[in-house]
Amino acid sequence: MDLDLKNKSVIVTGGASNIGRAITLCFASEGANITIADLDTDAGERVAKLALELGASDVQVVKTDITDLANVETTFAAAKQKFGSVDCLVNNVGWDDLMFFTQTTPELWDKLIKINYVGVLNCTRVALEHMTPNGGGSIVSISSDASRQGEPKEAVYGGLKAATNSFMKTIAKENGRYNIRCNCVCPGVTVPDSVEETSENSMWKDKDSMFTEEQFAAIAKSLPLKRLGRPQDIANAVVFLSSQKAASFITGQVLSASGGYSMIG
Ligand SMILES: NC(=O)c1ccc[n+]([C@@H]2O[C@H](COP(=O)([O-])OP(=O)(O)OC[C@H]3O[C@@H](n4cnc5c(N)ncnc54)[C@H](O)[C@@H]3O)[C@@H](O)[C@H]2O)c1
């Protein structure tokens with residue numbers, strides 16, 4: 001199916017690594033104009049090169065810290081300047097450091113809140129300012145199945161992802177009248193194929209620090225689909241929801257792409 005994303009202007013935050021990288025490449029094969037908004041511009045440029053080879057109309061990498069509103073405004077201005085508009089935003093940046101809640105500190109909470117929630121607020125706020133006068137658009141936020149099921153060692157992160165789900169539903173209700181659709185995609189454990197598919201500060205730079213091989217195998221075995229998530233699994237869901245043609249009547253939804261880990265009716 002042609003998703004009608006050719007020449008659409010898309011911003012992917014955290015587009016230099018793992019899931020964001022796959023999302024960027026998936027939009028590229030649909031012929032979109034892409035702005036990769038990431039702290040790591042070297043990794044971003046490597047993804048941009050690949051995206052052009054896959055058929056992106058054009059790609060730019062803009063060094064962005066999503067926790068800084070003024071910085072986010074500059075990035076959106078760069079997308080509008082180069083591509084004429086911002087049609088789709090993917091709030092993909094996220095970060096966690098796995099540990100039991102009793103081991104966490106207020107300093108860690110603050111960092112988690114800034115990256116996983118304030119960053120989403122900043123980017124969504126600026127996206128709405130661009131999309132409203134432009135006649136509409138799509139915002140997809142990458143949440144997590146940790147927002148839907150309690151996950152040991154992910155208490156603060158899971159709470160912030162649940163906040164993102166709720167925030168996106170309200171934004172969907174407030175902005176449907178402007179033809180702006182807002183949805184969330186929840187991955188489960190989703191691993192890169194190789195370290196080359198991650199950026200310098202990726203959570204997956206050292207896979208073993210997340211889970212042991214035995215734990216990865218046990219997680220895969222526990223899922224109905226009997227395998228771990230691949231970045232492409234998430235990218236497919238994001239690009240579908242971003243397409244006005246494919247998902248024109250879908251807004252305010254939280255979709256798990258996690259091999260059946262969560263089944264919310
Ligand atoms: N991979 C998983 O198993 C998994 C599971 C559930 C949810 N998620 C969510 O999916 C999303 C992507 O995860 P991933 O595994 O691809 O992450 P990753 O760590 O591999 O990549 C994150 C990217 O975001 C960038 N980044 C970090 N902080 C930033 C900031 N302040 N401003 C701009 N860029 C910044 C990093 O440079 C990196 O390129 C996140 O929201 C994460 O919470 C991932």
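Predicted model: local features only at pLDDT ≥ 70, side-chain atom pairs only at ≥ 80, totals over all residues.

Student: Which strand does β4 pair with over three bridges, and in which sense?

Tutor: That's β1, residues 9-13, and the pairing is parallel. β4 is also joined to β5 (residues 137-142) by four bridges, again running parallel. On that side, look for Cys-88 facing Ser-138 in β5.

Student: How does the chain get from β4 to β5? What handedness does the unit with helix α4 have?

Tutor: Right-handed: β4, α4 (residues 106-131) and β5 form a β-α-β unit.

Student: And how do I read the two faces of a strand?

Tutor: In a regular strand, side chains alternate between the sheet's two faces. Now the case here: in β4 (residues 88-91), Cys-88 and Val-90 are on one side, with Leu-89 and Asn-91 on the other. All four are buried, so both faces are covered.

Student: Why does Pro-187 count as buried?

Tutor: Count C-beta atoms: the cut-off for buried is 20 or more others within 10 Å. Pro-187 counts as buried because it has 25 such neighbours inside 10 Å.

Student: Where does Pro-187 lie, in terms of strands?

Tutor: In β6, residues 180-187. Leaving out residues up to four places away in sequence, Pro-187 touches several others, including Ile-19, Ile-142, Gly-229 and Ala-257.

Notes: Residues numbered from 1 in each chain as written. Buried ≥ 20, exposed ≤ 12 C-beta atoms within 10 Å, placed from the backbone. Helix = DSSP H or I, 4+ residues; strand = E, 2+ residues; numbered from the N terminus. Pairing = 2+ DSSP bridges. Right-handed = clockwise from strand over helix to strand, strands pointing away. Contact = placed C-beta atoms within 7 Å.
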